[in-house]
Amino acid sequence: MGPPVVPGTAAWRYFGDFRDLLLAGQVLVLQVAHPVVAAGVRDHSDYVSDPWTRLMRTGASLSIYVYGGASGARFEASRLRELHRTFTGVADGRRYSGLDPGAYAWVHATLVKVPVDVQRFFGRPLSLAELDEYYAQMCDIGRVLGVRERDLPADWAAFERYYDEMVASFRPNETMTTLFETIHTVPKPVRWLPDRWWPRLRSAQAAGQLFLIRATLPSALREQLGLQWTSRDQLRFARFCRVVRIVGWLVPVPLRTAHMRWIGKLNVWLRAHPWAYRLIS
């Protein structure tokens with residue numbers, strides 16, 4: 001058992017860091033690399049037609065179960081499991097469920113890994129003591145979400161072995177291909193954005209997103225997907241990391257996660273006041 005997620009603890013400091021957004025594309029690729037997750041996303045997700053709303057809903061959910069307090073986390077966990085219970089279908093001739101234990105655990109694992117990778121790339125790597133505390137807290141959250149105890153590695157070292165073994169087992173799939181295509185064809189995020197501006201902005205975001213995906217994916221999966229990575233790319237990424245690291249240093253620690261904490265509190269309030277939630281949903 002880890003300490004509660006309160007100010008000063010590792011999960012509070014790192015999970016909602018604004019720099020985590022830089023790995024949004026990477027974590028999506030890793031999640032849909034799992035064949036059951038890929039099938040569920042293919043059959044039940046609206047990320048192709050409305051990726052921006054999907055992204056916002058995912059961020060809202062994460063904010064609740066990390067920063068929404070114990071009752072908020074339990075509520076969101078119940079909602080997520082009821083939602084995933086409806087995700088069923090057939091993939092490669094076999095039936096699948098959105099509550100498949102291995103797939104459910106893998107999605108949680110990808111979210112556990114993101115803040116650690118973000119600090120390694122763009123901040124200060126977590127100390128061993130911070131890793132121990134952070135991982136214990138995220139295991140507690142995993143239990144609340146319904147991840148089986150046997151699917152939660154005992155400690156961070158065991159988690160890294162599990163993570164690497166999972167990545168080594170993945171192969172390209174149709175959903176991953178669709179995800180990469182969507183990055184190039186994503187519709188504009190807001191209606192008021194002039195149509196004439198969006199093609200250039202979309203091209204810029206696609207180039208940046210694909211570069212970050214190539215830069216931050218585990219090398220084994222990058223090679224499986226045939227994504228080229230050169231020494232010149234590595235130098236560019238190193239320069240980018242330095243810039244982001246400097247920006248991060250300029251932002252006080254409490255402010256780095258402020259947006260996620262406030263979103264979490266807002267969502268807990270909205271869940272407790274359904275009339276207000278219906279007005280904006």
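Which side chains meet in a salt bridge with an N to O distance of 2.8 Å? In this predicted model, in which local features need pLDDT of at least 70, side-chain atom pairs count only at pLDDT 80 or more, and totals for chains, interfaces and linings use all residues, the side chains are those of Asp-117 and Lys-113. Residues are numbered from 1 along each chain as its sequence is written, and side-chain values use heavy atoms, with hydrogens and water left out.

A salt bridge is taken as a side-chain nitrogen of Lys or Arg within 4 Å of a carboxyl oxygen of Asp or Glu, and the structure holds 13 of them. Asp-117 and Lys-113 are both found in helix α6, 4 residues apart, or about one turn of the helix; helices are DSSP runs (H or I) of at least four residues and strands are runs (E) of at least two, numbered from the N terminus. Asp-117 is buried because its relative accessibility is 3%, and Lys-113 is likewise counted as buried at 10%, where buried means under 20% relative accessible area, exposed over 50%, and partly exposed in between, with a 1.4 Å probe and protein chains only.

A further salt bridge links Arg-85 with Glu-82, their closest N and O atoms lying 3.3 Å apart. These two residues are about one helical turn from each other, because they are 3 residues apart in helix α5 (residues 69-85). Arg-85 is partly exposed, with a relative accessible area of 45%, and Glu-82 is also partly exposed, at 45%. Arg-143 and Glu-149 form another such pair, at 2.7 Å from N to O. Salt bridges with shared partners also join Lys-113, Asp-117 and Arg-120 into one network.

Helix α12 spans residues 231-250. Its buried residues are Asp-233, Phe-237, Cys-241, Val-244, Arg-245 and Gly-248. Viewed down the axis of α12, the buried residues fall within an arc of 110°, so they line one face of the helix; the arc is that of the directions from the helix axis to the C-beta atoms. These buried residues pack against α6 (101-122), α10 (198-216) and α13 (253-256), contact meaning heavy atoms within 4.5 Å. On the other side of α12, Arg-232, Leu-235, Val-243, Trp-249 and Leu-250 are exposed, Trp-249 having a relative accessible area of 58%.

Arg-95, in strand β2 (residues 94-97), is exposed at 64% relative accessibility. Apart from its neighbours within four places in sequence, Arg-95 is in contact with Thr-88, Gly-89 and Val-90.
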